[in-house]
Amino acid sequence: MPFFAGHHRLTPTSSLSATPKIRYASWSLASSDHSRSCARAWPVIRPRAKTAARERCMVREEPGNERPVYRLFWDRGSANMAPHAVLREIGCRFELIRVDISKGENRAPAYLALNPNARVPTLVHGGRVIYESAAILMYLCEAHPDAGLMPLPGDPDRGAFLQWLFWMTNTLQEDLQHWWHADNYLDGEACRHEMKIVAERRLERMFSQLDSHLAAGGPYMLGNRFSALDVFLVMLCRWTRAMALPATSYANLNRLIGLVTARPAWAAMMLAEGIDWNGPLAS
Ligand SMILES: N[C@@H](CCC(=O)N[C@@H](CS)C(=O)NCC(=O)O)C(=O)O
């Protein structure tokens, strides 16, 4: 019983929401039988024995072994896009569980028990819960080295991979947050407006920097080597499409966007999330 670790367990509910081709189970957390005796941090994640109402989104299903390996809590077009596409690149079994931010489901106590930041994505793997899209990305890539989606320790490209991924998540993504969610930072409308202007200016510089990097050594962030970094970057590029200078305006970034969006895994992710490049954005 290694994962009797917290206060809740995940159970499916009977309602299902429809999206193209795939239906996703909605979810709830119920008190664990073991909640009183266990003090560790993470909720217990245990599906009910009967899962007839649950339809899983899995690729490469193996007969006789249909349990999803991973559960990804997501919303349309959100920071889950990259981990979601990477799950499909890897080809492992997984289940998508929608957290509808527009309905406040990310603030439900059940979800907060998984991710106290009230953000998506969250990945559940066995009894482990991981949030932060870049961390999930690395976790998946390292768990599936055969997929070749990131340079592992000892690989000369590893430093560049880590550098860019951390820069993207703590610098580029931060300014995208300022642009989309100035309301998270400032109270006054005038201040928010100014914050958006500054963020957009900073983003233009960052996308120019990326474009120069790709011009000098593309077409991918690691030269000729496709990696999860490219998927992460293209996710962030999509979030610029309502800006004066979207990422598609930069020739080398646009080439990268073309390469990544042509991949079957990316296309399947977009279809499953019910979005296109110009469609709805939750971020
Ligand atoms: N640094 C986090 C950011 C996640 C994030 O901001 N997710 C947004 C959607 S893209 C969210 O859940 N927003 C809900 C809210 O702020 O209420 C990550 O990369 O996972």
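Author: Of the contacts in the chain with a separation of 6 or more, 68% are between residues 24 or more positions apart; two residues are in contact if their C-beta atoms, placed from the backbone, lie within 7 Å. The model is predicted, so local features need pLDDT of at least 70 and side-chain atom pairs count only at pLDDT 80 or more, whereas totals for chains, interfaces and linings use all residues. Residues are numbered from 1 along each chain as its sequence is written.

The chain has 283 residues, of which 38% are buried. A residue is buried if 20 or more other C-beta atoms lie within 10 Å of its own, exposed if 12 or fewer, and partly exposed in between, with C-beta atoms placed from the backbone. The secondary structure consists of eight helices and six strands, in the order β-β-β-α-β-α-β-β-α-α-α-α-α-α from the N terminus. Helices (H or I, at least four residues) and strands (E, at least two) are DSSP runs, numbered from the N terminus.

S4 belongs to an open sheet of four strands, ordered S4-S3-S5-S6 with mixed pairing; two strands pair if DSSP finds at least two bridges between them. S4 and strand S6 (128-131) are the edge strands, each pairing on one side only. Neighbouring strands of the sheet are turned by 20° against each other on average, direction ignored. For such angles, axes are lines fitted to C-alpha atoms, for helices over the stretch in contact, and values run from 0 to 180 degrees between N-to-C directions.

Trp 74 has Arg 98 of S4 as its bridge partner. From S3 the chain passes through H1 to S4, a right-handed β-α-β crossover; right-handed means that, with the strands pointing away from the viewer, the path from the first strand over the helix to the second runs clockwise. H1 lies across S3, S4 and S5, at about 150° to S3. S3 is also joined to strand S5 (residues 122-125), by four bridges and in antiparallel fashion, with Arg 71 opposite Val 124.

A further neighbour of S4 comes from helix H8 (residues 264-273). The buried residues of H8 are in contact with helix H1 (81-90), strand S4 (94-98) and helix H7 (251-261). In H8 the buried residues are Trp 266, Met 269, Met 270, Ala 272 and Glu 273. Why do they lie on the same side of H8? They cover an arc of only 165° around the axis, which puts them on the same side; the arc is that of the directions from the helix axis to the C-beta atoms. An α-helix has 3.6 residues a turn, so residues three or four places apart point the same way.

H8 is followed by Gly 274, with a positive phi near 70°. Gly 274 counts as partly exposed, because it has 16 C-beta neighbours inside 10 Å.

Most residues other than glycine have a negative phi, and most peptide bonds are trans. In the loop between helix H2 (109-114) and S5 lies Pro 121, and the peptide bond from Val 120 to Pro 121 is cis, with omega near 10°. The loop between H2 and S5 also holds Ala 118, whose phi is positive, near 60°. Ala 118 is partly exposed, with 14 other C-beta atoms within 10 Å. Glu 132, in the loop between S6 and helix H3 (133-143), has a positive phi of about 85° and is partly exposed, with 18 other C-beta atoms within 10 Å.
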